[in-house]
Structures are given as structure tokens and as C-alpha cells.
Amino acid sequence: MSNNTVFNTKSDLYTNKSKYKWLIIITAILIGTASIYYTDILVSQLKEREERQITLYAKTLEYTANQQDNQNLGFIFEEIIVPNYSIPVILTDDSGKPIEHKNLEFDKNLNPEEFEKKLGEELSIMKDEHEPIKINFRDENNEVFGYNLVYYKNSKLLYQLRYYPYIQLSVISIFGILTFLVFNYSKTAEQNRIWVGLAKETAHQL
């Protein structure tokens with residue numbers, strides 16, 4: 001086999017590997033982009049769903065507060081208010097003092113002062129995330145005489161979905177970098193083998 005044949009064969013192998021390298025990198029970019037786009041759609045849909053759910057929750061609280069003699073209150077309470085297992089909620093009075101909370105996890109060993117502090121921190125987070133929903137109290141003449149405020153924040157699932165694309169993109173980026181390094185190492189090794197092959201062929205012909 002001549003020197004030119006050996007060189008051309010090795011060159012073709014390297015060219016094909018280089019094409020595979022860029023094919024893998026482009027595929028990884030496309031997968032990452034599509035994943036981020038699709039996940040963003042899911043996050044938007046879930047966020048809208050949670051907003052509707054918490055609005056229904058607040059309106060139900062308002063209805064039950066103003067219809068104490070209604071026979072359907074038990075059904076409404078059990079089917080709408082209680083089933084909220086995911087969205088963290090804090091109910092406050094008109095001065096902003098917490099009255100009740102739901103779906104918030106606190107350390108059971110907290111003393112009352114620590115608990116109030118943690119609850120206040122959660123309330124601050126909720127104020128930054130969403131506008132509160134007002135629950136009006138009405139008298140027999142349908143006149144508003146007071147109100148409560150419902151504060152809430154995104155569920156854990158929504159947080160996880162929101163940050164998932166960035167984690168996935170990081171993993172894909174690491175994969176792409178490793179692929180690039182592997183192919184570069186393969187290139188160097190291939191070049192070394194080409195020179196060794198050429199040297200052996202030259203020595204043989206001499």
C-alpha cells in the first residue's frame with residue numbers, strides 16, 4: 001500500500017468522525033431547545049391552572065363565609081376547599097395578619113416566635129409572586145363590612161418544571177463538551193497513527 005493510499009484512508013476516517021461530532025452536537029442543541037420550549041409551554045399551562053384553582057378556592061371561601069345557612073356548604077367545603085393539597089396558601093385579615101395557612105411545611109420543633117417568623121417569610125414570598133385575592137364579607141343588605149386576603153405561591157411541581165429545562169440544558173451542554181473533547185482526542189490519536197503508518201511505509205520502501 002502506497003503512502004498516498006494510507007494517508008487518504010486515514011483522512012477519510014477523520015473526516016467522517018468530524019462529521020459525526022458536529023452531527024451529535026447539533027442534535028444535542030436541537031433536543032435541548034425543543035425540550036426547553038415544550039417545558040415552557042407546560043409551565044405556562046400549569047401556572048394558569050393553579051391561578052384558576054386558587055381563584056376558585058378564594059371565591060368558595062367568600063361564598064361559604066356569606067352563606068352560613070346554606071345546606072350545600074358541607075359539600076362545597078369538602079369538594080373545593082379541602083382538596084387543595086399542592087398550592088401553598090396563607091389567609092390574612094384586612095391588616096395583613098395571618099389567620100390560617102395551608103400546604104406549608106414547617107419544622108415541628110419551632111417555638112411560637114420562630115414559627116411566626118417563618119410564616120412571615122413565607123407571606124413575603126407570596127406577596128412578591130402574586131397579587132392577593134380579596135374575600136369580602138357582606139351583611140344582610142349585601143354591603144361589604146370587612147374582608148380577608150388570600151396569598152399564595154407556586155406549587156413545588158411548578159417550581160420543578162420551571163427549573164428543569166436549565167438542569168437538562170446543563171446536562172446536554174456537559175454531554176456536548178465531553179463529546180467534543182473525545183473527538184478532539186480521537187483526532188490527535190488518529191493523526192499520530194497516520195504519521196506512524198507513513199513512517200513505517202517509508203521505511204519499508206527504503
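1. Let us begin with Asn103, which sits in the loop between strand S2 (98-102) and helix H3 (112-129). Keep in mind as you look around that this is a predicted model. The phi angle of Asn103 is near 65 degrees, a positive value in a residue other than glycine. How exposed is Asn103? Its relative accessibility is 27%, so Asn103 counts as partly exposed, since that class lies between the buried limit of under 20% and the exposed limit of over 50%.

2. Another asparagine is worth a look while you have backbone angles in mind. Asn142 is not a glycine, yet it has a positive phi of about 65 degrees. You will find Asn142 in the loop between strand S3 (133-138) and strand S4 (144-152).

3. Now turn to the largest pocket, which holds about 210 Å³ of space. Its lining is made of 13 residues, and the closest to the pocket centre are Pro88, Asn103, Leu104, Glu105 and Lys156. Which element gives the largest share of this lining? That is helix H4 (residues 156-205), with three residues. By type, the lining divides into five nonpolar, four polar and four charged residues.

4. Next, the salt bridges. Side chains of opposite charge can pair when their charged atoms come close. The count here comes to two salt bridges. In one of them, the side chains of Glu105 and Lys156 meet, with 3.3 Å from N to O. This pair links distant parts of the chain, as Glu105 lies in the loop between S2 and H3 and Lys156 in helix H4, 51 residues apart. Both Glu105 and Lys156 are exposed.

5. Lys153 also forms a salt bridge, with Glu122 as its partner, and the closest N and O atoms are 2.7 Å apart. Here too distant parts of the chain are linked: Lys153 is in the loop between S4 and H4, Glu122 is in helix H3, and 31 residues separate them. Are these two residues buried or exposed? Lys153 and Glu122 are both buried.

6. Helix H1 (3-66) and H4 are the elements that give two or more residues to the patch, and the largest share, five residues, comes from H4. Ile26 has its place in helix H1. Its relative accessible area is 48%, so Ile26 is partly exposed.

Key: Residues numbered from 1 in each chain as written. Predicted model: local features only at pLDDT ≥ 70, side-chain atom pairs only at ≥ 80, totals over all residues. Heavy atoms only, no water. 1 Å grid on protein atoms, 1.4 Å probe; cavity = no way out; pocket = protein on both sides within 12 Å on 5 of 7 lines; lining within 4 Å. Points joined across faces, edges and corners; volume = space filled by probe spheres on them. Helix = DSSP H or I, 4+ residues; strand = E, 2+ residues; numbered from the N terminus. Nonpolar A, V, L, I, M, F, W, Y, C, P; charged D, E, K, R; others polar. Buried < 20%, exposed > 50% of the residue type's maximum accessible area, 1.4 Å probe, protein only. Salt bridge = Lys/Arg side-chain N within 4 Å of Asp/Glu carboxyl O.
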